Amino acid sequence: MNLLDVKNLSIRLTTSLDEILVVDRVSLTLKEGEFRGLVGESGSGKSIFAQALFWLLDDKWTISADRFHWQGQDLLRLPIEERKKIITKDVAMIFQEPMSCLDPTTTIGYQIEEALDDSEFSGFFWQRAKQRKQAAVKLLHKVGIKQHSICINSYPHQLTNALCQRVMIAIALAKRPKLLIADEPTAAMETTNQGQIFRLLSSLNQLKNMSILLISHELEKISHWTDRLTVMYSGQFVEAGTTEQIFKTPFHPYTKALLSSSPKLSKHLAKKTRLETLPGTIPVLQHLPIGCRLGPRCPNAQKHCVTAPQIRNFQGHLVSCHFSHRRDY
Amino acid sequence: MLYFTLRRLYLLSFTLLMLSIVSFSLSYLFPGDIIVNLSGITNPTLEQRIELNALYKMDDSVFHQYFAYIKQVVNGNLGISMFNNAPIVDEMNTYLPATIELCVTALFIATIFGVTLGFIAAIFHNKWIDKIILAFAMIGYSIPAFWLALILIVIFSILLSWFPSSGQINLLFDVKEVTSFIFIDIWFSDIDDKWLAFQDALRHIFLPAITVAVTPMTIFIRLSRTSMLNVLDSNYIKAARAKGLSNVKIIYHHGIRNALVQIIRQMGMHFAHLVSVVMIAEVVFDWQGIGSWLINSIFQRDYTAIQGGLIAMATFTFLINIFADILYVTLNPIERYKRHGA
């Protein structure tokens with residue numbers, strides 16, 4: 001059964017001037033125990049998409065979807081407070097800049113204990129307090145923090161960014177979530193720390209069968225860990241498939257360009273040669289092209305591209321393009 | 001923490017040094033004889049003049065004179081009043097406590113109501129309650145204190161006769177002056193109906209305290225509203241929402257303290273503003289405090305009193321500021337603890 005099944009989720013940003021379609025009909029299906037990557041350039045709407053899954057956005061944003069199923073339950077039929085309750089019970093989220101996501105004036109220990117479910121403890125309040133503390137320590141051990149007593153009494157600013165992210169993961173694990181959404185968890189982190197965080201996420205995925213939705217702009221870095229990848233461009237769905245499909249046989253011109261833009265060790269590059277790029281830049285939100293938003297930059301673009309393409313499925317390899325590279329392979 | 005306190009005290013000593021230089025130079029800048037300005041003895045006899053010249057080292061350089069003056073100030077000799085020949089220090093002992101009482105009460109009212117209303121406005125951002133509170137803050141900020149004082153007297157003393165319009169306590173209560181803090185005096189006095197006296201003193205302080213509190217309160221409303229809005233917009237509140245915490249819990253555990261930390265310093269800054277309003281309110285309500293005393297001294301060209309009042313008021317304001325700073329540090333762990341390994 002699909003854990004999460006979202007079809008054609010659109011997000012509009014209402015400004016004083018006009019309405020902007022920030023995310024345009026993006027679909028996402030997650031299976032249980034899947035390690036999914038969601039990649040796209042900065043500003044492609046991946047973070048907004050993830051926050052919309054939580055209904056964390058404020059009044060400026062309006063979310064609409066054709067289908068939003070969580071474990072087979074249709075959440076769109078429920079009032080928004082109920083939806084939030086169901087989602088926050090089973091889904092946890094970790095953010096980029098972990099230090100800013102922890103309350104600076106409260107100790108780490110308190111913030112972890114706060115996330116614990118009260119019904120798991122029994123006895124008088126002092127017994128429960130003790131159990132809470134033990135549970136918090138256990139969570140810290142799970143994410144690989146051994147010096148728990150120092151950590152619990154520390155404030156966020158006293159820890160490094162990587163440690164804060166581990167604490168965030170510990171807080172996320174407190175609810176035993178079925179799905180963990182990681183929104184660029186390793187941004188602004190050193191490479192060794194990045195590796196540790198990814199390994200931790202991967203081990204949680206394998207040992208606890210926890211699904212992970214990993215959002216990142218670094219395609220190369222996360223492809224080592226993910227089972228499947230979804231690619232977004234400028235708020236539109238581009239392509240989805242297994243990591244291998246995406247890397248070996250990219251159907252969409254954007255994915256193809258994205259892959260060829262990254263330097264490879266096997267390919268000998270002469271000194272100071274330019275890497276392959278698409279012409280132009282990402283469109284700004286105020287001036288989005290109609291139809292396929294890659295249109296003006298796309299090498300395959302033709303007249304037909306001013307109408308948005310339908311998503312087509314080729315044995316689990318989804319692509320949204322009129323003139324895909326499917327026949328090339 | 002200790003380091004921080006020491007640094008604040010260091011700052012205090014420098015500010016006091018500057019203050020004393022200003023106060024000393026006033027005796028040169030005021031018209032008239034320098035020795036008269038310093039001591040407050042108008043028309044001194046020859047013997048007195050010789051004595052004072054020796055005391056303030058008038059024959060030495062200005063530098064020595066300054067240190068002689070500091071020595072006198074430190075020993076509690078601020079001269080005598082030119083107006084009624086009473087020692088300035090004694091005058092201040094009677095008047096300063098009343099002012100401190102009024103200031104602290106007003107600050108208390110302003111903080112409690114200002115911060116609460118500000119937080120409520122922020123929590124219900126862009127709702128009608130937010131707009132009402134903002135409108136109230138705007139009106140309160142625009143009303144001049146002396147006018148508000150008169151209006152309050154007209155409504156509450158004359159029309160409704162709920163609160164007395166002047167003084168600190170009814171003369172029927174024979175409270176002996178010990179500390180000059182009226183509430184403390186009532187507590188330690190041996191009169192029979194302490195509770196009645198206490199109530200009476202409360203009724204007397206009500207109108208002046210409200211008058212003084214309105215302007216700072218409106219400032220606090222705006223400060224705390226902005227600060228709470230910033231906090232509610234921050235990542236850690238978003239993360240707390242993702243944790244599934246309820247709104248009440250989020251505001252109680254994560255909102256209030258973070259918002260308070262941001263405003264406490266600014267509240268200390270606005271205390272100076274409050275003190276200047278206190279001086280006006282004291283005159284209107286005939287409050288026997290240092291503000292009305294100082295304004296009277298200015299009218300009477302009582303230079304020694306002006307100097308002394310300046311030192312007292314400024315020191316009081318600095319102390320409150322430093323107190324706010326220390327409170328800020330105790331509330332804010334970012335200032336208190338160093339990073340591990342840093």
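**Exercise 1.** Find how many residues of chain B are in contact with chain A, and how many of chain A with chain B.

*Solution.* Contact means heavy atoms within 4.5 Å. By this rule, 22 residues of chain B are in contact with 29 residues of chain A. The model is predicted, so local features need pLDDT of at least 70 and side-chain atom pairs pLDDT 80 or more, while totals for chains, interfaces and linings use all residues. Residues are numbered from 1 along each chain as its sequence is written, chains are lettered from A in the order in which they are written, and side-chain values use heavy atoms, without hydrogens and water.

**Exercise 2.** Describe the area and the polar pairs between chain B and chain A.

*Solution.* Buried area is the accessible area (1.4 Å probe) that two parts lose on being put together, summed over both. For chain B and chain A this is about 2,200 Å², with 57% of it on carbon and sulfur atoms. Next, nine residue pairs, both at pLDDT 80 or more, are in polar contact between the chains; a polar contact is a pair of N or O atoms within 3.5 Å, one able to donate a hydrogen and the other to accept it, and residues adjacent in sequence count only if both atoms are side-chain atoms.

**Exercise 3.** State which residues E113(A) touches, not counting residues up to four places away in sequence.

*Solution.* Start with the location: E113(A) is found in helix α3 (residues 108-115) of chain A; helices are DSSP runs (H or I, at least four residues), numbered from the N terminus. With that sequence limit, E113(A) touches R132(A), K133(A) and A136(A).

Conventions. Helix = DSSP H or I, 4+ residues; strand = E, 2+ residues; numbered from the N terminus.
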